[in-house]
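The structure is shown first.

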Amino acid sequence: MRYVGNRITKFSDPPLLTGRARYAGDITPPGTLYACFVRSKYAHARIRGIDTSRASRVPGVRALIIGDEFLDYPIFQPISTKPYKPYGAKEATVYPLVVGKVRFVGEPIVMVVAESRIAAAEAASLVDVDYDVLPAVVDPEEALKPGAPKVYDHWDGNLFMKFPSEWGDVDAAFGKAEYTLSDSVRIQRFTGQALEPRAYVADYNTIENHLTFYSSTQQPHPLRTILAETLKIPENQVRVVQPYVGGGFGLKIPPFQEEIAVAVASVKLGRPVKWVAERWEELMAGGHARDQRHYFEVAFNSDGKILGMKVRIIADMGALFPTPGWGMPLVTTIHLPTVYKVENYRIELLEIVTNKNPLNAYRGYGKECACFLMERIMDMVARRLGKDRIDIRMKNFIPPNDFPARISRYTVLDSGNYPTVLKRAVEVFEYEKWLKLKEEARKKGRYIGIGVAYELTPEGACIPGSFFLQYDAVTIKVAPTGKVLVYTGITSPGNGQETAIAQIVADNLGVSIDDVVVYQGDTDLCPYGLGNFSGRSMISGGSAALLASIELREKLRKVAARILESRPEDLEVSDGKFYVKEVPERQVTIRDAAFAIYKNPYDLAIDVEPGLEITKYFKMPNALHIPDESGYTRTYTSFPNAAHLCAVEVDIETGKFDILKYVVVDDCGKVINPMIVEGQLHGGVAQGIGGAIMEELVYSSAGQLLTTTFMDYPIPTAKEVPDMIIEHVETPSPYTPTGAKGVGESGIVGAPACLASAVEDALSDFGVKVMETPLRPSRVWRLIQEARKK
Amino acid sequence: MVNKVKVNLKLNGERFSAEIDPRMLLCDFIRDVAGLTGTHIGCMTGNCGACTVLMNGRTVKSCTILAAQANGSDITTIEGLSKGLELNPIQRAFHKRYAVQCGYCTPGMIITAHYLLSLGKTLSRQEIREHISGNLCRCTGYQNIIDAIEELLRDKGLLR
């Protein structure tokens with residue numbers, strides 16, 4: 001093994017570093033028109049009329065399109081709510097523009113298309129929309145009350161669905177427990193905000209009825225299917241190209257209303273149409289995340305063992321979108337009680353619609369809420385019993401010999417060694433030393449706290465009847481000269497898995513990584529795959545790359561054996577050569593073997609099929625969609641996990657705190673490229689810190705979004721993110737041929753819980769309980785004041 | 001119709017002039033008129049720093065000034081810091097350490113790092129953090145970026 005496990009620098013860097021990379025917003029075909037959207041000012045209103053006469057007089061305006069003109073284009077939904085019908089799941093048709101009534105501030109009402117961006121923006125400002133403003137429903141618990149305004153007129157209320165997850169005998173557990181505690185935790189509404197705003201360029205060729213669509217998307221192939229189905233263009237006449245993408249984090253999973261509108265406009269006008277979102281549009285209409293309340297009761301014994309729990313989750317969905325946001329609270333629900341062996345529980349999830357921007361997928365995707373809830377419970381139990389917080393976790397962990405471990409009707413954890421990971425984190429962090437430092441600081445009136453959290457990061461989502469599954473494809477083509485072209489169905493939003501794929505291919509094909517080129521994100525070049533989400537690139541894509549490489553290598557081996565007059569099983573391969581094990585100087589290059597396949601099909605390559613091209617699909621073997629005899633299924637397929645420890649110091653006068661030390665010991669299975677894995681963790685923790693301490697999407701009581709720029713929705717700068725110490729423990733996945741488990745969402749899951757734990761610990765003298773984020777100075781200060789009053 | 005204005009400036013060492021809408025921002029001028037798309041737009045409110053360029057040797061966020069205000073000035077964009085895909089020492093340091101993920105903030109970050117190194121001042125790690133805090137990165141958590149700049153300063157004997 002030469003490349004896997006090593007710090008190979010990222011292939012895609014040079015164009016990025018030199019400003020030569022092209023993102024979707026950098027693409028402008030000749031004759032391009034520019035789109036701008038008129039967006040709703042109100043959270044809930046019926047549209048009485050739209051007057052475009054003033055706007056149409058702006059020079060350069062080519063089209064003013066209103067929702068009724070898009071009635072033929074209900075957006076094809078890549079994830080169906082139908083399987084959730086037994087739980088009451090409702091449906092809603094979404095059109096590219098508002099039809100009838102608006103359901104959140106920022107929903108697109110009119111699309112302006114003009115010769116320049118300035119003309120489009122000017123015309124948009126002159127469109128007059130006549131609104132009949134309706135009372136908005138902003139709070140999910142208010143939305144459930146009788147008489148609350150209805151977001152969808154044809155529903156019987158605002159409850160989207162009620163989903164249960166039960167295990168064991170919870171009432172018996174509570175009956176025999178020595179202790180019970182109850183409380184609630186709340187995670188605010190926040191979102192990802194990739195630095196590149198979404199950008200779409202549709203280029204429709206009228207003569208050929210062919211659409212080329214450039215998109216800052218995470219799923220080129222599903223997007224192609226969505227466009228073909230929605231626009232009714234044959235799918236073989238649609239090409240989706242994903243150029244460089246400036247971050248995705250789940251929020252570029254298709255389809256968006258603007259994405260479809262831009263494509264339809266190009267078809268209608270017969271010219272290229274381009275739209276690039278502005279930041280306020282991303283904050284207002286680019287998809288939100290989290291916004292969950294969890295009311296819980298927990299039963300435990302004096303030894304710290306948790307016997308049972310009851311949880312009621314209230315999830316504020318906003319309005320509904322075709323994107324998979326409504327799956328986020330489900331992911332929380334089906335993965336409780338995370339890494340802990342709690343054998344009796346009753347969880348009820350209520351997903352409720354309100355007049356807010358719809359939820360979309362965001363890195364973490366509900367796993368951070370599950371983690372936050374369980375970790376707060378662990379700390380509460382430890383405090384109630386006066387026990388150490390590490391010990392409580394060790395006491396309740398699923399033991400290493402329990403795997404595979406079924407934790408819910410929907411979930412079986414693949415493998416794990418939680419005590420080893422936490423023990424290593426305790427060592428790296430120097431836990432005992434920090435306990436002393438904390439005590440000494442307290443004597444001097446300084447408030448240092450230690451945070452502990454253990455994250456479970458379910459990856460490899462596999463949702464029945466959707467485009468969110470765990471299969472993917474890799475095509476490898478070896479040219480006569482031995483150079484290797486790789487085409488993947490997975491895509492990179494910037495994290496560099498093209499490099500990890502090249503590492504796997506180079507090792508398993510036996511070539512130099514310099515001879516490997518990887519293409520991604522073009523539906524005319526790449527095999528049908530599902531792109532980027534749920535840490536799947538190594539799970540599904542890496543596995544497919546491994547299988548394809550091995551198959552081509554074995555074909556080359558046969559020919560090499562004939563050239564060397566040896567037996568195939570006597571050959572070794574490395575550094576671009578096959579050589580005879582016993583006599584290494586007898587060797588033939590892969591290039592010569594490849595040439596023989598192309599040039600000598602009747603002699604040297606007589607016993608192999610001509611050509612050196614292959615497409616392999618890999619499907620994760622451990623998903624289960626046909627329920628077993630107990631009625632159980634398996635939805636997620638891979639379970640990375642990590643221990644977080646940190647130290648903070650709180651200024652009790654201002655409520656501000658500094659992070660003094662941050663340690664993550666991560667287990668994402670086999671590490672393909674440690675540099676990429678560490679970088680993913682750095683970024684994940686940084687986003688987790690953002691959500692934990694500063695980011696919040698705030699709506700007024702009338703449903704107006706108050707946080708629409710990076711000034712009032714600040715994301716962490718280099719001043720807020722601390723240096724991190726990252727270490728690995730490798731418990732391979734039993735189900736991927738590489739042993740990799742995926743790392744795309746690690747770090748973000750545990751960081752909020754770890755910081756909450758640390759702040760609570762720092763303020764333990766005051767008896768402060770931290771049950772809510774974000775931990776802005778104002779909130780921490782208020783917690784101190786309230787605790788002092790008691 | 002809005003009357004056009006003429007802008008003459010030096011762009012990456014070469015004279016460049018164009019007649020433009022006076023409402024045009026410098027970032028749009030660089031991208032749409034000069035066709036240099038390495039300068040990115042992330043927020044339009046001066047927060048994110050993706051559009052950072054050098055104007056007369058100092059960093060500016062090109063979304064915060066009008067193109068007309070740059071008349072007569074000397075502008076350097078990311079494209080002006082290296083030839084083609086060849087990497088300069090700052091870019092190499094970023095590449096070596098995985099200080100680039102999606103790359104959208106990278107041109108602005110490299111321009112800021114270039115400016116920081118051009119100051120010839122001795123800096124601590126904390127001061128590096130403060131200096132780059134006007135450039136937002138959503139992918140890396142900054143650690144590898146700071147490591148890269150630290151290494152460049154150390155090589156020059158400028159790390160405190």
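Val5(B) stands opposite Ile20(B), a residue of β2(B). Strand β1 of chain B (residues 5–11) is joined to β2(B) by 7 bridges, and the two run antiparallel. Strands here are DSSP runs of E of at least two residues, helices are runs of H or I of at least four residues, and both are numbered from the N terminus. Two strands pair if DSSP finds at least two bridges between them.

The model is predicted: local features need pLDDT of at least 70 and side-chain atom pairs count only at pLDDT 80 or more, while totals for chains, interfaces and linings use all residues. Residues are numbered from 1 along each chain as its sequence is written, chains are lettered from A and ligands numbered from 1 in the order in which they are written, and side-chain values use heavy atoms, with hydrogens and water left out.

The open sheet of chain B has 5 strands in the order β2-β1-β5-β3-β4, with mixed pairing. Because β2 (14–20) and β4 (58–61) of chain B are at the edges with a single partner strand each, one side of each has no neighbour in the sheet. On average, neighbouring strands are turned by 40° against each other, direction ignored. Helix α1 of chain B (residues 26–33) packs on this sheet and touches β1, β2, β3 (52–55) and β5 (74–76) of chain B. The direction of α1 makes about 105° with that of β2(B). Helix α3 of chain B (residues 106–118) lies across β3, β4 and β5 of chain B, at about 40° to β3(B). Axes are lines fitted to C-alpha atoms, for helices over the stretch in contact (heavy atoms within 4.5 Å), and angles run from 0 to 180 degrees between N-to-C directions.

| Item | Value |
|---|---|
| Residues in contact | 54 of chain A, 52 of chain B |
| Buried area (accessible area, 1.4 Å probe, lost on being put together, summed over both) | about 4400 Å² |
| Salt bridges (side-chain nitrogen of Lys or Arg within 4 Å of a carboxyl oxygen of Asp or Glu) | 7 |

Carbon and sulfur atoms give 58% of the buried area. One salt bridge links the side chains of Arg117(A) and Asp28(B), at 3.1 Å from N to O. On the side of chain A that touches chain B, α1 (13–17), α3 (117–125) and α17 (674–693) of chain A each supply at least two residues. The largest share, 8 residues, comes from α17(A).

Technical notes: Buried area is the accessible area (1.4 Å probe) that two parts lose on being put together, summed over both.
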